[in-house]
Amino acid sequence: MRGVRKAYNPGTPIETEVLHGIDLTVVQGEFCAVVGPSGSGKSTLLNIVGLLDRPTAGTLEVCGEQTTRLDDRALTRLRGHSIGFVFQYHHLITAFTALENVMMPMLGAAEFANEAMRVRALALIASVGLTAWQDNLAGNLSGGQQQRVAIARALAMGPALLLADEPTGNLDTRSADEVFTLLRQFNTERGTTVLFVTHNVALAERCDKTIEVIDGRLTG
Ligand code: ADP
């Protein structure tokens with residue numbers, strides 16, 4: 001990111017700039033904590049990196065692609081293939097099984113035929129330790145298990161970049177630790193770059209580096 005600014009409601013009387021010129025480089029394979037007070041702009045930053053929202057000014061390169069001039073279709077494609085998301089709330093489809101939820105991002109992707117999709121989802125479910133629960137409805141799983149399904153789903157397309165916005169925020173200490181350890185494991189084994197928003201100081205200390213956002217600016 002170079003000089004990234006973000007204003008909500010630009011050009012209106014309620015225009016508010018919440019990111020004020022962010023310069024940030026994250027190297028492939030880095031596991032970064034994103035910390036800072038509530039309202040400082042962490043989610044806005046993640047949404048821009050994740051191509052869910054566009055900056056008002058500045059440039060952004062994601063996985064080697066300059067994104068500024070890409071149209072919405074190209075952004076959606078880049079996002080679908082390169083970026084995985086895990087949020088504080090799991091956003092699983094609770095009436096579908098754990099396995100079905102993990103298969104969801106692969107539906108319609110040309111590279112996965114039905115059987116390949118199922119085999120891949122089974123491997124992902126196994127990698128998050130949920131094989132015994134794969135046919136349970138997502139709505140019947142514990143909070144920690146649901147978050148593990150969400151991680152498996154986020155990794156379905158083999159993204160180079162995983163964006164995790166307070167994924168452990170709703171979890172008890174032990175489940176939070178398990179979820180963090182899983183993210184760390186994927187980072188180490190697959191080289192997945194991770195941006196991990198957290199208020200948990202102990203977990204932030206276990207990351208490779210810390211990005212601190214205060215009032216829409218990076219410190220340090
Ligand atoms: P954090 O993730 O650090 O809590 P956010 O990025 O969610 O911070 O919010 C940064 C600021 O932007 C806050 O003042 C918030 O109220 C404001 N904001 C976030 N989303 C919107 C929006 N869609 N419209 C207007 N203001 C917003």
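1. The largest share of the shell around the ligand, three residues, is supplied by helix α1, which covers residues 42-49. The structure under review is a predicted model. The residues that surround the ligand are Tyr8, Val18, Pro37, Ser38, Gly39, Ser40, Gly41, Lys42, Ser43 and Thr44. Sorted by class, this shell holds three nonpolar, six polar and one charged residues.

2. A polar side-chain atom of threonine 44 is 2.6 Å from an oxygen atom of the ligand. From the backbone, a polar atom of glycine 39 lies 2.7 Å from a ligand oxygen, and a backbone N or O atom of glycine 41 is 3.0 Å from an oxygen atom of the ligand. On its own the ligand has 560 Å² of accessible area, of which the protein covers 56%.

3. Histidine 20 belongs to strand β2, residues 16-22. Its side chain makes a polar contact of 2.7 Å with the side chain of glutamate 17. The side chain of histidine 20 also reaches the backbone oxygen of aspartate 215, at 3.4 Å. When residues up to four places away in sequence are not counted, histidine 20 touches Val4, Arg5, Asp215, Gly216 and Arg217. Valine 35 is placed in strand β3, residues 31-35. This valine counts as buried because its relative accessibility is 14%, and the limit for a buried residue is under 20%. With neighbours within four places in sequence left aside, valine 35 is in contact with Lys42, Thr198, Ala204, Thr210, Ile211, Glu212 and Val213. One of these, Lys42, is also among the residues that surround the ligand. Valine 35 and valine 119 are 84 residues apart along the chain, and their C-alpha atoms are separated by 37 Å.

4. Glutamate 30 sits in the loop between β2 and β3. Is this residue buried or exposed? Glutamate 30 is buried, because its relative accessible area is 19% and the limit is under 20%. Its side chain forms a polar contact of 3.3 Å with the side chain of lysine 209. Leaving aside neighbours within four places in sequence, the contacts of glutamate 30 are Thr25, Asn187, Thr192, Thr193, Val194, Asp208 and Lys209.

5. Helix α5 runs over residues 143-154 and has 12 residues. From its first C-alpha to its last it reaches 16 Å, close to the 16 Å expected at 1.5 Å a residue. The helix is mostly covered, with 11 of its 12 residues buried. These buried residues are Gly144, Gln145, Gln146, Gln147, Arg148, Val149, Ala150, Ile151, Ala152, Arg153 and Ala154. They pack against two strands, β7 (83-86) and β8 (161-165), and against the helices α3 (98-103), α4 (114-127) and α6 (173-190).

6. Leucine 122 is located in helix α4, one of the elements against which the buried residues of α5 pack. At 26% relative accessibility, leucine 122 counts as partly exposed. Apart from residues up to four places away in sequence, leucine 122 touches Leu99 and Gln134. Between leucine 122 and threonine 168 there are 24 Å in space, C-alpha to C-alpha, for a separation of 46 residues in sequence.

7. Positive phi values in residues other than glycine deserve a separate entry. Asparagine 9 has a phi near 55° and is not a glycine. Asparagine 9 lies in the loop between β1 (2-8) and β2, and it is partly exposed, with a relative accessible area of 39%. Leucine 51, likewise not a glycine, has a positive phi of about 65°. Leucine 51 is found in the loop between α1 and β4 (57-59), and at 6% relative accessibility it counts as buried.

Note on methods
Residues are numbered from 1 along each chain as its sequence is written. This is a predicted model: local features need pLDDT of at least 70, side-chain atom pairs count only at pLDDT 80 or more; totals for chains, interfaces and linings use all residues. Side-chain values use heavy atoms; hydrogens and water are left out. A residue is near a molecule or strand if one of its heavy atoms lies within 4 Å of it. A polar contact is a pair of N or O atoms within 3.5 Å; within protein, one must be able to donate a hydrogen and the other to accept it, and residues adjacent in sequence count only if both atoms are side-chain atoms. Accessible areas come from the Shrake-Rupley method with a 1.4 Å probe; for residues, only the protein chains shown count as cover. Helices (H or I, at least four residues) and strands (E, at least two) are DSSP runs, numbered from the N terminus. Ala, Val, Leu, Ile, Met, Phe, Trp, Tyr, Cys and Pro count as nonpolar, Asp, Glu, Lys and Arg as charged, and the others, Gly among them, as polar. Contact means heavy atoms within 4.5 Å. The expected span of a helix is 1.5 Å times one less than its number of residues. Buried means under 20% relative accessible area, exposed over 50%, partly exposed in between (1.4 Å probe, protein chains only).
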